[in-house]
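Colleague: I have the sequence and the fold open. Can we go through the side-chain contacts one at a time?

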Amino acid sequence: QVQLVESGGGLVQAGGSLRLSCQASGSIFGINTRGWYRQAPGKQRELVARITSGGNTNYATSVKGRFTISRDNAKNMLYLQMNSLIPEDTAVYYCNIAGLSGSRRYDYWGQGTQVTVSS
């Protein structure tokens, strides 16, 4: 049973920084992409950033240059460094691991961590 637990959210003033962490437990096989998504009130969940097994990254246009995603495979950790935060970054942030093991696809989600940016 794979579990993802996010931490590091909180309340921060605009211009500030936060670092989100996601601890994965359980056995995760195959090739996968790990990512951060967010959902603001009344809006759909959207991709923030993701990183492949090979270390390739991509970011939402709105966070490019401000956020950095990284992973520590040895510790089964995923991180999101968020700098120059703006009120529009306020949302619940979710950790995700999606991949393929043999012919079986999997898609795991954490419970989310709240990020609130005050103006």
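Colleague: Is arginine 38 buried or exposed?

Modeller: First, the ground rules: this is a predicted model, where local features need pLDDT of at least 70, side-chain atom pairs count only at pLDDT 80 or more, and totals for chains, interfaces and linings use all residues. Residues are numbered from 1 along each chain as its sequence is written, and side-chain values use heavy atoms, with hydrogens and water left out. Buried means under 20% relative accessible area, exposed over 50%, and partly exposed in between (1.4 Å probe, protein chains only). Arginine 38 has a relative accessible area of 6%, so the answer is buried.

Colleague: How many salt bridges are there?

Modeller: The rule asks for a side-chain nitrogen of Lys or Arg within 4 Å of a carboxyl oxygen of Asp or Glu. Applied here, the count is three.

Colleague: Which side chain meets glutamate 46 in a salt bridge?

Modeller: Glutamate 46 is partly exposed, because its relative accessibility is 35%. Its salt bridge spans 2.7 Å, N to O, and the partner is arginine 38.

Colleague: How many residues apart are aspartate 89 and arginine 38?

Modeller: Their side chains meet in a salt bridge at 2.9 Å, N to O. Strands such as these are DSSP runs (E, at least two residues; helices are H or I, at least four), numbered from the N terminus. Aspartate 89 sits in the loop between β8 and β9 (91-101), arginine 38 in strand β4 (residues 31-39), and the separation is 51 residues.

Colleague: Which residues do salt bridges that share partners join into one network?

Modeller: Aspartate 89 also bridges to arginine 66, with the closest N and O atoms 2.7 Å apart. Arginine 66 lies in the loop between β6 (57-59) and β7, so this pair ties together parts 23 residues apart in sequence. Both aspartate 89 and arginine 66 are buried. Shared partners make one network of Arg38, Glu46, Arg66 and Asp89.

Colleague: What is the angle between the planes of tyrosine 37 and tryptophan 109?

Modeller: Rings of Phe, Tyr and Trp (its six-membered ring) pair if their centres lie within 6.5 Å; planes under 30 degrees apart are stacked, over 60 edge-to-face, the rest tilted. The whole structure holds two aromatic pairs. Tyrosine 37 and tryptophan 109 make an edge-to-face one, 5.0 Å centre to centre, with an angle of 65°.

Colleague: Where does tryptophan 109 lie?

Modeller: Tryptophan 109 counts as partly exposed, because its relative accessibility is 35%. Tyrosine 37 is in strand β4, so the pair ties together parts 72 residues apart in sequence, with tryptophan 109 in strand β10 (residues 104-109).

Colleague: Which ring does arginine 45 lie over?

Modeller: A charge sits over a ring if NZ of Lys or CZ of Arg is within 6 Å of the ring centre and within 35 degrees of the ring normal. Arginine 19 has its charged end over tyrosine 79, 4.0 Å from the centre. Arginine 45 is 3.8 Å from the centre of its ring, which belongs to tyrosine 94.

Colleague: What is the bridge partner of isoleucine 69 in β8?

Modeller: Two strands pair if DSSP finds at least two bridges between them. β7 (residues 67-72) and β8 (residues 77-82) run antiparallel over six bridges. Isoleucine 69 is on the covered face of β7, with Phe67 and Arg71. Its partner in β8 is leucine 80.
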